[in-house]
Amino acid sequence: MIKIYGLKTCPYCDYIEQQVKGNPRFEIIDIGQHVRNMSAFIHLRDTNPVFNHAKESGDIGIPCFVKEDGTVTLKPEDVGLVEYTPDGPACSLDGKGC
């Protein structure tokens, strides 16, 4: 099962969630729903170099995908999904993305 870390209030995450709704290959983990979800995501973000660019640019690094083999990616296409192209608000400090 592919884990997807995200937030309900993130438009990028919502777009991904709509694509996987009802698909048993994916598990959505809302990092804002419970502190244990946030803690798991922060640990992943703090220890995985995949997030280096996101952190450098002020992004949160969501949605984040953890594949069955443990590989972490921030690219929806790596798990067969389509990336959101924003026209509205972003969830990073510089306004460029999540």
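The model is predicted, so local features need pLDDT of at least 70 and side-chain atom pairs count only at pLDDT 80 or more, while totals for chains, interfaces and linings use all residues. Residues are numbered from 1 along each chain as its sequence is written, and side-chain values use heavy atoms, without hydrogens and water.

The largest nonpolar core has 13 residues, and Tyr5, Phe41, Leu44 and Cys64 have the most contacts inside it. Such a core is a set of buried Ala, Val, Leu, Ile, Met, Phe, Trp, Tyr and Cys residues joined through side-chain atoms within 4.5 Å; buried means under 20% relative accessible area with a 1.4 Å probe, protein chains only. Helix H1 (11–20), helix H2 (35–47) and strand S3 (64–66) each give two or more residues to this core. Apart from it lies another core of eight residues, including Ile4, Ile16, Val20 and Phe65.

The whole structure holds one cavity of 30 Å³ or more, and the largest cavity has a volume of about 70 Å³. Here a cavity is a set of points on a 1 Å grid over the protein atoms alone where a 1.4 Å probe fits but cannot get out, and lining residues have an atom within 4 Å of a point. Among the residues that line the largest cavity are Ile4, Tyr5, Cys13 and Ile29.

Finally, a cis peptide bond joins Ile62 and Pro63, with omega about -5 degrees.

Conventions:
Buried < 20%, exposed > 50% of the residue type's maximum accessible area, 1.4 Å probe, protein only. Helix = DSSP H or I, 4+ residues; strand = E, 2+ residues; numbered from the N terminus. 1 Å grid on protein atoms, 1.4 Å probe; cavity = no way out; pocket = protein on both sides within 12 Å on 5 of 7 lines; lining within 4 Å. Points joined across faces, edges and corners; volume = space filled by probe spheres on them.
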